[in-house]
4 protein chains.
Amino acid sequence: MLPANKPIFVINYKAYETSYGHQALLIAKASEKAELEFSIKTIIAVPFTEIWRISKEVSIDVIAQHVDPIIPGQGTGFITAEMIAGSGGKGSILNHSEHKLKIFEIEKGIERLKLNNLYSIVCAETPRSSLAVANLGADIVAMEPPDLIGTGVSVSKSKPELVTKTVEKIRNSGFKKIPILVGAGIVDKEDARKAIKLGADGILVSSIIMKSKEPEKKIFELAEGLNSLNK
Amino acid sequence: MLPANKPIFVINYKAYETSYGHQALLIAKASEKAELEFSIKTIIAVPFTEIWRISKEVSIDVIAQHVDPIIPGQGTGFITAEMIAGSGGKGSILNHSEHKLKIFEIEKGIERLKLNNLYSIVCAETPRSSLAVANLGADIVAMEPPDLIGTGVSVSKSKPELVTKTVEKIRNSGFKKIPILVGAGIVDKEDARKAIKLGADGILVSSIIMKSKEPEKKIFELAEGLNSLNK
Amino acid sequence: MLPANKPIFVINYKAYETSYGHQALLIAKASEKAELEFSIKTIIAVPFTEIWRISKEVSIDVIAQHVDPIIPGQGTGFITAEMIAGSGGKGSILNHSEHKLKIFEIEKGIERLKLNNLYSIVCAETPRSSLAVANLGADIVAMEPPDLIGTGVSVSKSKPELVTKTVEKIRNSGFKKIPILVGAGIVDKEDARKAIKLGADGILVSSIIMKSKEPEKKIFELAEGLNSLNK
Amino acid sequence: MLPANKPIFVINYKAYETSYGHQALLIAKASEKAELEFSIKTIIAVPFTEIWRISKEVSIDVIAQHVDPIIPGQGTGFITAEMIAGSGGKGSILNHSEHKLKIFEIEKGIERLKLNNLYSIVCAETPRSSLAVANLGADIVAMEPPDLIGTGVSVSKSKPELVTKTVEKIRNSGFKKIPILVGAGIVDKEDARKAIKLGADGILVSSIIMKSKEPEKKIFELAEGLNSLNK
């Protein structure tokens, strides 16, 4: 269930108009096709309401965009790891810069996911906090400088030192295998390629796919960028 | 789509172990049966992950337990009114005492639901704040004293004055038709009956159904209590 | 202790660089002078750290910018109504658009202030929520459309209908005496004058004083605007 | 300004009734006396409203219980590092289990304190998150298992392995000098002594002093416990 040793390509559906309904499924299907075509691991992070429906339709990993660090019981309007597993999800993003969490919620959330055989992709905004979330037990770390999100100016091109510093900090602290993703502003094949070249194990993208008029084409372009430097 | 002029019976699934999977569907089916049997309006508030699945299986209103007051776009891990509508939901609870909201989130959340033809059941903990949420535009108000939730000591028996005061405050401020629900500690037919007798238009329950070994029986008992004093 | 029947002039120090230290005291002294000169009630809302120091130096009401709705006991880093009273404060702002609160926190905060003989100035962003906070027990209501805060485009000139609607809603609901303040974008005598003319009982300002090179002059100008139409 | 190489004794005033007014000052004076008497570093964390007053009266470090990670400007009701410095504070607690923070708030809060020459005591609830906050840049780490806070059952006696594991994790990750405090349930000389023996550099206490009828006596007892094993 955990991502294999291939470049990881995470598409975060966020709450875009294309994140539910007909278009959401098309993007899922295209992502599945990309995983079959290229030597990459494709993961889609969909709204809670779509996990059930989409996971029934595709073979790639469908994950949640957040999980609440609570145990089953009271908790009106919150989502447990059990609910994600029960509806076909394989994991969850945690601490996205649009959904920042308390440090204990990250630690507890990771724990609750693990207990349900789900993996965590924990976001962080700096090299420093990337290491901190690795300390907290993240299965995958995703570093995204928040000021670049949605800008079209990619982290791999404009702030490569943040990528290398994140990789260095984490690898030098004894985490040899934990996959490290980078995101923010990634828009084309070259950005994806560059991320891998800088030492990242994959990318986390959103707007470039979700707001695209030809999402399938964009998915394939980015997948190809990841694939080209396959480790 | 808005609840008709019958006693309203809301079952809040919360995050109990029975709130997803097989048991969740059985409770939905029993609730549907109760609506057909008695002259009441039955509404089930399920986890986000279950709206799609359950709303395909029953004819009664399936609603969410919360909605985030955001517009489609960025918003990782949040749920828009559009997603609820898109997956078959008819409305949402807001401001439950386990999920308390800022005043602007309530106002905005109600607005966003209305724009998507969804109704809001807005919770409040006191007569005073019940009137305040009516001011904010709630379609249905649900008053629950938080210290009684899950206790088995019902608001209608132990604090009837809170029910009558809530009804009075709201009706005297010009809200003649807005349905007023009460909840907390309701466990049997008599509690349900008493709530209606005190002027409420329905009840909001959870643990007594979700933790029951015979949920169908309990649902029918409470439905009968509501039905007996049908207005 | 409660504001008298004069136009009310609240200066919110916020967290500006002038909100503490030497400049903070100068602004307090100028505000005191304005109260003596004009027939107005002047109130300054200072940072928690400044209540003790400033309240020892001026005779006008010094209030807090927020209060946490907790009782004395545990609560690391939170501020109780008792602490505000104990350091010389006379009340507190609640629910400012930069510090939005849950509806139960507003209700509880007002209660805790009252128990300590302190008054509440509860902010709201719309006419609808202004009435809601009046129903929650606010001593003074302050309506500020958040999109105008700090812009220099005053609510009284650019959205006069929001002022009149707020006044109407509150007065028509039986609150005959509760003072209603308006704020956002107020920069000159005419803005202040206009607010009173539209039915408000005072104004809430911040940046125009705190970022001014001649705060005393600005304070006097606004005070004169309020005074000119003294009710 | 940073604590010297002596056992560190932090008294967190929290929001107890003794945290402001007359009693607050007596406790400060007794803490100062203890620092003079024993070879320890004494720090008191007082409410924001008391920093000015108390720091004028004692020579020991007076710190805040929290700081908001914002820069001077807007920010109604929030406290900047500048305000703490300006009123005589020397640092701040961050992320206390009664005031849990988002991971970015901890990182940013530490940064803002440093910029104002203030030190941070960052709390964590587990060995894992203790290392994470060290990686975020904490000047001092304080580990407190939340289930023991205020119980009178001390962490050093009942969960010594949490203390040793925290010390190990932090020291083995290259942080040779960062002081590590432990807290929760510490009530007597032996608890203090034991904490130091287990490798901690000091203790963080609250209720045992703040709710004591003879706080001075208790302060001296704990100081003596720390002193006895002076490193």
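Author: To begin with one side-chain pair, Glu221(B) and Lys218(B) meet in a salt bridge, with 2.9 Å from N to O, where a salt bridge is a side-chain nitrogen of Lys or Arg within 4 Å of a carboxyl oxygen of Asp or Glu. The model is predicted, and local features need pLDDT of at least 70, side-chain atom pairs count only at pLDDT 80 or more, and totals for chains, interfaces and linings use all residues. Residues are numbered from 1 along each chain as its sequence is written, chains are lettered from A and ligands numbered from 1 in the order in which they are written, and side-chain values use heavy atoms, with hydrogens and water left out.

Reader: Where do Glu221(B) and Lys218(B) lie, and how many residues apart?

Author: Both belong to helix α10 of chain B, residues 215-227, and they are three residues apart, about one turn of the helix; helices (H or I, at least four residues) and strands (E, at least two) are DSSP runs, numbered from the N terminus.

Reader: And how many salt bridges over all chains?

Author: The count over all chains comes to 60, yet there are zero between chain D and chain C and zero between chain B and chain C.

Reader: OK, then what does the interface of chain D and chain C have in polar contact?

Author: There are 16 residue pairs in polar contact across it, both residues at pLDDT 80 or more. A polar contact is a pair of N or O atoms within 3.5 Å; within protein, one must be able to donate a hydrogen and the other to accept it, and residues adjacent in sequence count only if both atoms are side-chain atoms.

Reader: Which helices of chain D supply at least two residues there?

Author: Those are α2 (48-55) and α3 (81-86) of chain D, and α2(D) gives the most to the side that touches chain C, with five residues.

Reader: How much do chain D and chain C bury between them?

Author: About 3000 Å², with 65% of it on carbon and sulfur atoms, buried area being the accessible area (1.4 Å probe) that two parts lose on being put together, summed over both. The contact (heavy atoms within 4.5 Å) takes 32 residues from each of the two chains, D and C.

Reader: Switching to chain B and chain C, what do they bury?

Author: Chain B and chain C bury about 1600 Å² between them, 61% of it on carbon and sulfur atoms. Of the area that chain B buries there, 36% is supplied by Ile103(B), Arg128(B) and Asn135(B), more than any other three residues.

Reader: Which elements of chain B touch chain C?

Author: Those giving two or more residues are α4 (103-115) and α5 (127-135) of chain B, and α5(B) gives the most, with six residues.

Reader: What about chain A and chain C, how far apart are they?

Author: No contact joins chain A and chain C, and their closest C-alpha atoms lie 16 Å apart; chain B and chain D likewise have no contact, their closest C-alpha atoms also lying 16 Å apart.

Reader: New topic: which residues are closest to the centre of the second largest pocket?

Author: Of the 15 residues that line it, the closest to its centre are Glu107(A), Lys108(A), Glu111(A), Thr126(D) and Arg128(D). α4(A) gives the most to that lining, with six residues.

Technical notes: On a 1 Å grid over the protein atoms alone, a cavity is a set of points where a 1.4 Å probe fits but cannot get out, and a pocket is an open set with protein on both sides within 12 Å along at least five of seven lines; lining residues have an atom within 4 Å of a point.
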